[in-house]
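Morning, everyone. I have one structure to walk through today. Please have the sequence and the 3D view open.

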Amino acid sequence: MTAPIAIIGAGIAGLSAAHVLNTAGHEVHLFEKSRGSGGRMASKRSDVGSLDLGAQYFTARDRRFIDAVNQWRAKGCVAEWDPALYQYRAGALTPSQDEQPRWVGTPRMSAITRAMVGDLPVSFGCRITEAFRGPQHWSLQDAEGHNHGPFSHVIIAIPAPQATPLLATAPKLAAVAAGVVMDPTWSAALAFKTPLETRVEGCFVQEGELDWFARNRCKPGREADYDTWVLHGTSAWSRAHLDASKEQVIEQLHGAFAEIIGCAVPEPAFTLAHRWLYARPAQSHQWGALADADLGIYACGDWCGTGRVEGAWLSGFDAASRLLDHLQ
Ligand SMILES: Cc1cc2nc3c(=O)[nH]c(=O)nc-3n(C[C@H](O)[C@H](O)[C@H](O)COP(=O)(O)OP(=O)(O)OC[C@H]3O[C@@H](n4cnc5c(N)ncnc54)[C@H](O)[C@@H]3O)c2cc1C
Ligand SMILES: NC(=O)C1=CC=CN([C@@H]2O[C@H](COP(=O)(O)OP(=O)(O)OC[C@H]3O[C@@H](n4cnc5c(N)ncnc54)[C@H](OP(=O)(O)O)[C@@H]3O)[C@@H](O)[C@H]2O)C1
């Protein structure tokens, strides 16, 4: 019997790879350090409903990804989001509608990876710390010292700085991953009992602390008891405030939001902040995925491509396709 293929990381890249391999008839096993799937597409359940603190929406430009999005739409876990878009630049908030289709998971962003997991075997709450290559097979060690294996191949689908130590057996791949810089993002959520008197539903911000903010509850399927907003700091601001307390971050981003939004902003009934240490690669790459076919180890994730949801999905697809090619 052939050993299964191990996939480390149950974000969209790891699950995209899992789907390709599973469809081709291969047994896979995923390892995920968190309690649920999704990674940077996860949603936070809170007293004011679930909040998309990471990816806000995604675009689909590649035909293969468009096909996947259409399948998710048919299953009901994705819907189009057509917000009233604005931009803020040179001190002015102006409408900035465009024709670009934008997609979100429904009823929350995490619904997509939840559907992708389906019946696939996943070990949740299991952080992999080492990947060893024996004479024939791979085995993995987790943070609690447990061993997992044997596996025929390993796909590492986690942010580059976290992937680097797991690639130690393949020094050339490790060196590439080690060279990838990933920028942080501070994310804050505010919830108001009384809706803010504004038409804005999403805003690209081109100066100051903020990069983007959106009215979370206007996305399809979201709970609507509170008027919920998600604010993202820029990479530069987030890096400069990496060690700030959550209270300081909420205060500053709330203040910046109140300056821009152009209506009265009362004290929020609920706030939270989340720091994404490895939010996005500082630059795009065109690697697709990294592979050492002789050893049977692969690495993928948004950092191998455009640094977005589509890029992560395509990278997982590419890693799995290369593995299948190498098996032939
Ligand atoms: C604040 C923010 C806003 C964003 N906004 C957008 C947007 O609007 N549109 C867009 O297209 N993209 C956006 N992105 C980017 C998008 O979310 C990512 O590109 C995409 O989700 C990355 O997917 P991934 O599978 O490569 O990595 P991840 O989602 O990071 O998945 C990796 C998974 O591996 C797990 N893991 C890590 N280390 C280990 C380990 N050692 N063992 C086991 N498991 C491990 C993690 O818990 C995680 O679940 C945003 C990202 C952030 C942070
Ligand atoms: N905060 C983080 O950590 C992020 C990590 C990764 C991606 N992030 C944001 O994801 C958004 C998705 O990008 P994409 O799929 O390419 O979506 P687009 O909507 O096409 O936006 C790309 C980019 O273009 C500018 N823009 C697009 N539409 C408008 C518009 N109607 N008005 C004004 N500007 C628009 C905008 O760039 P700016 O530099 O001009 O702000 C968009 O960012 C994307 O928002 C990533 O930032 C976050």
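Confidence to begin with. This is a predicted model. The protein chain averages a pLDDT of 97. A score of at least 70 is reached by 100% of the residues. For the model, ipTM is 0.98 and pTM is 0.98.

Now the sheet. Find the open sheet of six strands. Read across, the order is β9-β2-β1-β13-β20-β19. The pairing is mixed. Which strands stand at the edges? They are β9, residues 122-124, and β19, residues 290-292. Each has a single partner strand, so one side of each has no neighbour in the sheet. From one strand to the next, the twist averages 15°.

Look at one pair in that sheet. Strand β1 covers residues 5-8, and strand β2 covers residues 28-32. The two run in the parallel sense, paired over four bridges. As a landmark, alanine 6 sits opposite histidine 29 of β2.

On to ligand 1. How many residues surround ligand 1? The count is 36. The closest are Glu32, Arg40, Tyr57, Asp302 and Val309. By class, the shell holds 18 nonpolar, twelve polar and six charged residues.

Here are some backbone contacts to ligand 1. Lysine 33 places a backbone N or O atom 3.1 Å from a nitrogen atom of the ligand. At glycine 39, a polar backbone atom is 3.4 Å from an oxygen atom of ligand 1. At isoleucine 128, a polar backbone atom is 3.0 Å from a nitrogen atom of ligand 1. How much of ligand 1 does the protein cover? On its own, ligand 1 has 1,000 Å² of accessible area, and the protein covers 92% of that.

Next, ligand 2. There are 15 residues around ligand 2. Tyr57, Thr59, Ser96, Thr185 and Gln206 come nearest. The shell of ligand 2 has four nonpolar, six polar and five charged residues.

The contacts I picked here involve side chains. Serine 96 has a side-chain N or O atom 2.6 Å from a nitrogen atom of ligand 2. Threonine 185 has a polar side-chain atom 2.7 Å from an oxygen atom of ligand 2. For glutamine 206, a side-chain N or O atom is 2.8 Å from an oxygen atom of ligand 2. Alone, ligand 2 exposes 850 Å², and the protein buries 69% of that. Strands β6 (85-89) and β18 (270-281) each supply at least two residues of the shell.

Last, the backbone details. Where is there a cis peptide bond? Go from threonine 106 to proline 107, where omega is near 5°. Proline 107 is in the loop between β8 (103-105) and α3 (111-117). Another cis peptide bond joins glycine 149 and proline 150, with omega about 0°. Proline 150 is in strand β12, residues 147-151.

Finally, check alanine 90. Its phi is near 50°, a positive value in a residue other than glycine. Alanine 90 lies in the loop between β6 and β7 (92-95).

That's my tour. Thank you.

Terms used
Residues are numbered from 1 along each chain as its sequence is written. Chains are lettered from A and ligands numbered from 1 in the order in which they are written. This is a predicted model: local features need pLDDT of at least 70, side-chain atom pairs count only at pLDDT 80 or more; totals for chains, interfaces and linings use all residues. Side-chain values use heavy atoms; hydrogens and water are left out. Two strands pair if DSSP finds at least two bridges between them. Axes are lines fitted to C-alpha atoms, for helices over the stretch in contact, and angles run from 0 to 180 degrees between N-to-C directions. pLDDT is the predictor's confidence in each residue, from 0 to 100. A residue is near a molecule or strand if one of its heavy atoms lies within 4 Å of it. A polar contact is a pair of N or O atoms within 3.5 Å; within protein, one must be able to donate a hydrogen and the other to accept it, and residues adjacent in sequence count only if both atoms are side-chain atoms. Accessible areas come from the Shrake-Rupley method with a 1.4 Å probe; for residues, only the protein chains shown count as cover. Ala, Val, Leu, Ile, Met, Phe, Trp, Tyr, Cys and Pro count as nonpolar, Asp, Glu, Lys and Arg as charged, and the others, Gly among them, as polar.
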